[in-house]
Amino acid sequence: MGVQHVDVDRCETWTRYRAGLCDGCHAHCCTMPVEVRLPDLVRLGLVDPFEAEHEAPKQIARRLEKAGRVDHFNFKHGIFTLARRANGDCLYLDAVTRRCTVYEKRPDTCRKHPQVGPRPGHCPYGPRQAR
């Protein structure tokens, strides 16, 4: 059986997660939309704690959209979607190392993946390509 191509949009192509899998991965999970809440934005340093407490989330979203940091804001659920690069990568993914540049401050969505997500316990693993 040949190597199956991973498609982040098709969970049936995902691999069951196991410890150490990320070490050799191309970081396909970091090409999926990242939904965050206000505390994540504060932790990332995109929103000041005072602003988070006193400014309407819709106004914060408008500012972050103009700054190119947020693509979308779901007002009903208070969920922001982080902007991505043109190739689909997360803004915080290093293009060369394929590692998170804000790992210690990463959003809860990233902290909980792959235990929580479209297919719990699985991830869109894809081996790193030799350069």
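Analyst: A disulfide is a pair of cysteine sulfur atoms within 2.5 Å. By this rule the protein has zero disulfides. Cys 29 is in no disulfide, with the nearest cysteine sulfur, that of Cys 30, 4.0 Å away. Cys 30 is likewise in no disulfide, and its nearest cysteine sulfur is that of Cys 29, at 4.0 Å.

One caveat: this is a predicted model, where local features need pLDDT of at least 70, side-chain atom pairs count only at pLDDT 80 or more, and totals for chains, interfaces and linings use all residues. Residues are numbered from 1 along each chain as its sequence is written, and side-chain values use heavy atoms, leaving out hydrogens and water.

User: Is Cys 29 buried, partly exposed or exposed?

Analyst: Buried means under 20% relative accessible area, exposed over 50%, and partly exposed in between (1.4 Å probe, protein chains only). Cys 29 counts as partly exposed because its relative accessibility is 31%. Across the protein, buried residues make up 33% of the 131 residues.

User: How many helices and strands are there?

Analyst: Both are DSSP runs, numbered from the N terminus: helices are H or I with at least four residues, strands are E with at least two. Here you get four helices and five strands, in the order β-β-α-α-α-β-β-α-β from the N terminus.

User: What about contacts between residues 24 or more positions apart?

Analyst: Contact means heavy atoms within 4.5 Å. Such pairs account for 56% of the protein's contacts with a separation of 6 or more. As for overall dimensions, the C-alpha atoms fill a box of roughly 55 × 30 × 25 Å along the principal axes.
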